[in-house]
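Open the model in your viewer and keep the sequence panel beside it. The tour goes from one selection to the next and says what is found at each stop.

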Amino acid sequence: MPVWTLFGLKHGIATNSWPDNGGTDEQTGVLGLPRLEPDRCEENCKACVEVCLPGAIGMNSSEDGDRLTIDYGKCIACQLCTESCPNEVLTKSNDWAFGVGNRKDLIWAETLASEPAQELSENIKKYFGRSLHIRHVDAGSCNGCESELQALNNPYYNLHRLGIFFTPSPRFADLLLVTGSVTYAMHEPLLATYHAMPEPRWVMATGTCAVSGGVTGGGYSGGNGLDGVLPVDLYVPGCPPNPSAMIQAILLLLNRSKQHVYGGHYAK
């Protein structure tokens, strides 16, 4: 007997009620992307920059001196930066809902962006109401993102309860969900899938590889994610993003959830 079936029989109900009916997201204690406090930086210290494998952390030079920056679209949440930092400039956090409509919102900015939340689509409710069909394409991932995607349909997350379904055919799809760094070999199949979808259609870059190329970005077999290949409507970094982060991002597309990250600043 599957574990989830046994769990449901023993407890009566297995599905999490979040985000409807006042349920909690059950993400307490989950390790998220590191949090940045650049004011604590020690002069000439570049410990975090040197250990950052995907190059997510860098220095921005200005008249006031060097300033630490972070691009969450490249971060793989390995936590090496938090362990190497002597002054707790980068600390472990529970920040997990990183879905954004504008790629720039994943890059640290000195001040919080004052622009109102981006409207991903003014007419999305008109077209889809409260239902959405997703076509997934693996464009060169390590299958980490796929493992989390599979969890979306288990009894606990039960994505169907939100009116969101996966479809094997692009002909029935509203959203193209892409994982992987978009290898050269996957360019043509990916474009063919996109053009086979009826309009209006949306594109979601899922996982750090699809957002920026990740640790293999710019390698001999792949590019730097979806930007420049397809018009991206939604970015969800993470290596891999957990199922709740994916759900929050999809609901953000449907205007049923709020964006938490602006200018690299995370707010509840």
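## Stop 1: charged pairs

Select Arg35 and Asp95: they form a salt bridge, with the closest N and O atoms 2.5 Å apart. The pair links distant parts of the chain, since Arg35 is in strand β1 (residues 35-36) and Asp95 in the loop between β4 (90-91) and α4 (124-128), 60 residues apart. A salt bridge here is a side-chain nitrogen of Lys or Arg within 4 Å of a carboxyl oxygen of Asp or Glu. Helices (H or I, at least four residues) and strands (E, at least two) are DSSP runs, numbered from the N terminus.

This is a predicted model, in which local features need pLDDT of at least 70 and side-chain atom pairs count only at pLDDT 80 or more, while totals for chains, interfaces and linings use all residues. Residues are numbered from 1 along each chain as its sequence is written, and side-chain values use heavy atoms, with hydrogens and water left out.

Colour the two partners by accessibility. Arg35 is partly exposed, with a relative accessible area of 35%, whereas Asp95 is buried at 2%. Buried means under 20% relative accessible area, exposed over 50%, and partly exposed in between (1.4 Å probe, protein chains only).

Next, select Arg103 and Asp71. Their salt bridge has its closest N and O atoms 3.0 Å apart. Arg103 lies in the loop between β4 and α4 and Asp71 in the loop between β3 and α3 (80-84), so the pair ties together parts that are 32 residues apart in sequence. Both Arg103 and Asp71 are buried.

Then go to Arg201 and Glu199, a salt bridge with its closest N and O atoms 3.3 Å apart. Arg201 counts as buried at 17% relative accessibility, while Glu199 is exposed at 63%. By the rule above, the count comes to 4 salt bridges.

## Stop 2: aromatic rings

Show the side chains of Phe, Tyr and Trp. Rings (for Trp, the six-membered ring) pair if their centres lie within 6.5 Å; planes under 30 degrees apart count as stacked, over 60 as edge-to-face and the rest as tilted. A search of the whole structure finds 4 aromatic pairs.

One of them is Trp18 with Trp96, which is edge-to-face, at 5.9 Å centre to centre and 70 degrees between the planes. Trp18 lies in the loop between α1 (3-11) and β1 and Trp96 in the loop between β4 and α4, so this pair ties together parts that are 78 residues apart in sequence. Trp18 and Trp96 are both buried.

Now select Phe98 and Tyr266. The ring centres are 5.3 Å apart and the planes stand at 35 degrees, so the pair is tilted. Phe98 is in the loop between β4 and α4 and Tyr266 in strand β11 (residues 265-266), 168 residues apart. Phe98 and Tyr266 are buried as well.

## Stop 3: helix α6

Select residues 187-196, which make up helix α6; the buried residues there are Leu190, Thr193, Tyr194 and Ala196. Seen down the axis of α6, they fall within an arc of 165 degrees (taken from the directions from the helix axis to the C-beta atoms), so they line one face of the helix. Glu188 and His195 are exposed on the other side of α6.

Which strands do the buried residues of α6 pack against? They pack against β5 (132-138), β7 (175-179) and β8 (202-206). Contact means heavy atoms within 4.5 Å.

## Stop 4: a hairpin

Select residues 57-62 (strand β2) and 65-70 (strand β3), which run antiparallel and are joined by 6 bridges. Two strands pair if DSSP finds at least two bridges between them. The hairpin from β2 to β3 passes through 2 residues. Met59 stands opposite Leu68 in β3.

## Stop 5: Glu26

Centre on Glu26, in the loop between α1 and β1. Glu26 counts as partly exposed at 47% relative accessibility. Leaving aside neighbours within four places in sequence, Glu26 is in contact with Asn16 and Tyr156. Glu26 and Ser244 are 8.9 Å apart in space, C-alpha to C-alpha, and 218 residues apart in sequence.

## Last stop: the whole chain

Zoom out. The chain has 8 helices and 11 strands, and buried residues make up 48% of its 268 residues.
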